[in-house]
Amino acid sequence: MTARVAALDSVWFGSMTTTPIPTPDPPSQTGAQPVLAMRGISKRFDATQALSDVSLALYRAEVHALLGENGAGKSTLIKIMTGIHPPDSGEIILDGRQVQIANAMAAQALGIAAIYQEPMIFPDLDVAENIFIGHASRSVLMNWGKLHREAEAILQKIDVKLDVRMPARGLTLAQQQAVEIAKAISLNVRVLIMDEPTASLSAHEVEQLFRLVDTLRKAGVAILFISHRMDEVFSIADRVTVFRDGKWISTKPRSQVTSDGAIRDMVGRTIEDFFAKTTARQGDVLVSVRNLGRTGAFRGVSFDVHRGEVLGFAGLVGARRTDVGLALFGIEPADSGEIIFDGARVVIRTPEQATGLGIAYVTEDRRQLGLSMPQSLTTNITLPAMKRYVTPLGLVDSKREAETAEAFKTQLSIRTPSVQHPVGKLSGGNQQKVMLAKWLNTQPKLLILDEPTRGIDVGAKADVHHFISDLAGQGMAIILISSDLPEVLGMSDRVLVMREGVQMGIFNRDEATQERVMTAAMGQSASTSAFANADAASAIGTGAGPSTGAAAGRSG
Amino acid sequence: MRRLVRPDQIRVFSLVVLLVAFVLFFSAQIPGYLSGRTFVRISTGVAIIAVVAVGQTLVVLTRNIDLSVGSVVGFTAWAVGMALASNKEMAAPLAVLLAIGIGVLSGVVNGLLVAYGRVPAIIVTLGTLAIYRTILVGVANAKTVTIDALPEWMKALPRANLLTMGDLEVRAMVALAVVIVALFQLGLVYLRFGRRLYAIGSNPDAARIAGLPAQRTVFLAYVLCDALAGLAGFMFLARFGTITVVAAQGMELQSVAAVVVGGVNMLGGSGSMVGTLIGATLVETIQQSLIRVPGLSEFWIDALLGLLILLAVASDAIILNRLRKAWLARPTPSGPDGRDDRDTGARVSDSALSASGAPAGGKSS
């Protein structure tokens with residue numbers, strides 16, 4: 001009845017769609033009411049449609065895995081669920097009632113909590129206080145004895161051994177997550193979102209985390225589990241949902257999911273024809289990297305880049321592709337392996353050194369690291385090559401500066417009132433072009449592009465792609481780091497795939513299919529997926545029933 | 001459960017040792033140093049700085065700073081002095097309330113701008129430092145509060161003793177400061193408000209996600225801080241009697257010095273009022289005693305004080321970290337995985353750089 005009212009509401013409030021909203025039923029739970037249902041959720045950020053009309057239902061005592069490439073809309077969904085962003089349209093239904101989640105506190109009051117890859121702990125507070133700090137019901141006066149006793153009781157319940165009086169500073173990541181889970185339990189959460197909780201854990205720690213997840217599931221909590229590790233998804237999830245490009249693609253019980261099928265769902269995009277890369281005549285090898293590594297980031301990375309070649313770097317979040325770029329540019333120097341640049345062995349320790357060799361690095365982070373927003377196009381573009389604009393008297397030749405800026409404005413079709421206009425006033429796409437101009441003006445031999453088209457509109461994207469292709473045609477060696485899989489595949493002559501700091505392989509243009517690259521990026525091979533499926537089939541039904549752990553669900 | 005001494009307690013203990021060492025050094029250098037007079041002089045000075053530093057601690061715990069306290073003390077001292085001079089019938093409690101009220105008003109301005117206006121604290125309070133002082137200069141119009149103009153009870157106040165033990169006199173003002181330190185120390189440990197101060201300074205992002213009322217808490221910290229500065233202004237008036245427009249100039253630095261030396265982390269999240277009191281005592285003792293060391297130029301006093309602050313900060317960074325590691329490494333029931341002691345701070349991941357579009361902490365606002 002309430003559900004019907006809610007459905008009526010969505011008609012009333014003009015959900016933009018005419019197609020029926022898919023609300024997939026869980027296996028053997030038909031008729032049960034989901035704890036949390038998201039219906040027809042859409043969200044747009046500037047030029048990007050982050051979510052379009054997605055629906056997701058979470059049931060009691062289930063672990064629901066959410067899969068998707070970078071940019072599939074997983075993070076946006078979490079942020080909507082936890083009240084950080086309001087949805088543009090769509091409705092959130094908790095226990096059959098439509099709710100508004102205005103902020104983090106409201107989410108908490110509704111019993112929705114999230115655990116992030118980097119736990120949100122207070123290093124100076126002790127373990128017990130970290131568990132209870134956010135409680136709205138916390139009394140004005142502290143009762144430390146009670147606090148410590150209750151914290152101990154919760155940790156005991158989930159079988160975690162920690163001194164509750166110990167400050168949280170210095171806890172291992174796994175311990176911090178245990179504290180976060182204890183916090184969630186103390187809040188009587190009904191919906192727990194875990195955003196890549198295992199990304200930085202050792203295998204042993206993952207095992208322990210999964211035991212905690214299982215405890216929560218048995219207690220009736222609905223868990224939304226986000227991970228890029230397919231084997232983990234198969235070992236813990238009851239149902240699996242796949243998003244792609246901000247859209248819902250599929251929701252299936254684990255028994256019906258195969259690794260290949262899930263990957264197909266994740267990558268099933270079409271490579272649009274505006275990816276303009278034309279194969280250039282490749283010259284000799286410009287850079288040879290052998291066994292490059294930086295402790296704690298990546299290791300054993302080896303590749304060659306020829307003049308006139310675009311080498312793509314593909315991988316999921318946490319693959320450490322950016323760290324390789326930072327190492328080549330000397331921002332975070334490598335501590336093992338060697339780099340041979342233009343025939344000579346070099347050790348790159350600073351960006352100055354890298355610039356001197358002829359390496360340019362266009363950062364993914366325009367606002368923080370790339371551009372000086374209040375300053376003009378001209379100033380920004382000529383900054384790294386300032387030496388060339390100094391007259392014999394030691395003054396800056398502003399006329400020649402302006403000429404350079406004008407030339408790039410035409411070449412890159414930067415839309416701006418004038419080259420003296422502050423960069424901060426331009427659109428994201430035009431800012432990105434200014435960044436490119438800035439580094440091209442240093443006349444590099446090797447250009448490292450880190451997410452050159454993130455967050456810019458389709459037109460500007462096409463301009464940037466054409467330009468990259470032109471540069472390669474002129475003999476520049478280019479490393480293209482991008483999370484946009486069709487972009488990497490469309491633009492690159494070869495694609496290097498990384499996963500969690502390890503090089504998974506290099507594919508030639510003709511072998512690099514979306515499926516192959518994504519399979520490598522997820523660290524998946526046919527044999528392990530078969531094993532995981534068998535494992536999944538045998539383990540199905542553990543604690544997934546709607547009736548298990550009813551008593552521990554929610555008391556008030 | 002076994003309770004060991006915690007690193008911050010060791011810190012406070014080492015400060016006490018340092019204080020004793022300084023006193024021994026000065027008593028060897030200065031004839032007649034160990035006397036009731038020295039105690040009275042230093043303790044009265046400490047009383048005023050300590051009250052200001054208690055307020056400063058509240059603000060610094062939240063990862064902010066209040067540089068306007070010196071101007072608030074000076075303004076309050078002058079304004080209350082003028083009010084008393086023009087109306088000798090004014091009741092003592094009313095004078096105290098007036099002082100605190102002026103402080104609250106200043107705190108509201110600072111707090112609104114920092115907590116709700118999101119202007120960096122150092123800029124806001126550097127601005128109000130100058131503004132409050134300028135208002136004082138303008139309003140005062142070169143008039144000075146003189147001790148003769150004050151009512152009798154006010155003149156008697158600085159000599160009022162709470163108790164006398166032979167040569168040792170404990171002034172009422174000193175007792176008041178100790179009570180304030182004790183009350184706020186208890187508040188920090190036992191009030192929800194106090195715990196929130198620590199939480200917000202310890203991890204502002206986590207505080208937001210945990211749904212703590214960060215803005216309101218920071219605002220209140222400023223109001224309390226400047227209310228205490230107002231009270232200190234009253235004490236300043238009582239102690240000196242004569243108040244010019246430059247009164248209490250530089251007290252903001254003294255209070256920050258007391259807080260830092262007392263072991264309060266300038267990045268917020270850790271420290272205690274007891275530490276602050278000992279820090280204030282150390283700073284004031286050194287300042288007052290160095291003047292009396294024969295053959296030492298006054299010129300050196302500030303330099304030595306600066307050196308002390310640098311040492312305090314350096315020791316906080318180096319020694320305290322080692323102590324913490326040693327404390328954590330002690331055998332305890334370990335967590336999910338006791339064997340894994342990776343340094344979580346060393347992980348700069350792809351996601352930290354790319355997913356948020358900004359390096360950690362580099363939010364553009």
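Predicted model: local features only at pLDDT ≥ 70, side-chain atom pairs only at ≥ 80, totals over all residues.
Which residue in β2(A) is the bridge partner of Ile41(A)?

Residues are numbered from 1 along each chain as its sequence is written, and chains are lettered from A, with ligands numbered from 1, in the order in which they are written.

Let's begin with chain A as a whole. Chain A has 19 helices and 20 strands; these are DSSP runs, with helices being H or I of at least four residues and strands E of at least two, numbered from the N terminus. Of its 556 residues, 52% count as buried. Buried here means that 20 or more other C-beta atoms, placed from the backbone, lie within 10 Å of the residue's own. Among the contacts in chain A with a separation of 6 or more, 71% are between residues 24 or more positions apart, a contact being two C-beta atoms, placed from the backbone, within 7 Å.

Now, back to my opening question. The partner of Ile41(A) in β2(A) is Val54(A). Likewise, Arg44(A) has Gln49(A) as its bridge partner in β2(A). Those residues belong to an antiparallel pair: β1(A), residues 36–45, is joined to β2(A) by seven bridges. For two strands to pair, DSSP must find at least two bridges between them. β1(A) also pairs with β4(A), residues 89–94, in the antiparallel sense over five bridges, and there Met38(A) stands opposite Ile92(A). Eight of the ten residues of β1(A) are buried, so to speak mostly covered.

Zooming out, these strands sit in an open sheet of four, in the order β2-β1-β4-β5 of chain A, with antiparallel pairing. The edges are β2(A), 48–58, and β5(A), 97–99; each has a single partner strand, so one side of each has no neighbour in the sheet. From one strand to the next, the twist averages 30°. For angles, axes are lines fitted to C-alpha atoms, for helices over the stretch in contact, and the values run from 0 to 180 degrees between N-to-C directions.

There is a second sheet to look at. Six strands of chain A form an open sheet in the order β6-β7-β8-β3-β9-β10, with mixed pairing. At its edges stand β6(A), 112–115, and β10(A), 247–253, each with a single partner strand, so one side of each is left without a neighbour in the sheet. Here the twist averages 20° from one strand to the next. Within this sheet, β7(A) and β8(A) pair in the parallel sense over five bridges, and Asp195(A) stands opposite Ile226(A) in β8(A).

So which helix lies across β1 and β2 of chain A? That is α2(A), residues 74–81, running at about 65° to β2(A). α2(A) also lies across β3, β6, β7, β8 and β9 of chain A, at about 145° to β7(A). Seven of the eight residues of α2(A) are buried, so this helix is largely enclosed by the rest of the structure. Among those buried residues are Leu77(A), Ile78(A) and Met81(A). Following α2(A) comes Gly83(A), with a positive phi near 80°.

Next, please find α7(A), residues 203–218. Its 16 residues, at 1.5 Å a residue, should span 22 Å, and the end C-alpha atoms are 23 Å apart, which agrees; the expected span is 1.5 Å times one less than the number of residues. The buried residues of α7(A) include Val206(A), Leu209(A) and Leu216(A). They pack against β3, α6, β7, β8 and α8 of chain A. Gly220(A) follows α7(A), and its phi is positive, near 95°.

Finally, a quick visit to chain B. There, α2(B), residues 36–61, packs with α7(B), residues 172–190, at an angle of about 30°, with the axes 8 Å apart. The two helices are therefore roughly parallel to each other, a label for angles under 35 degrees. The crossing of α2(B) past α7(B) is left-handed, as the near helix is turned anticlockwise from the far one by less than a right angle. Where they meet, α2(B) contributes residues including Ala47(B) and Val51(B), and α7(B) contributes residues including Ala177(B) and Ile180(B).

Methods. Buried ≥ 20, exposed ≤ 12 C-beta atoms within 10 Å, placed from the backbone. Parallel < 35°, antiparallel > 145°, perpendicular 65-115°, else oblique.
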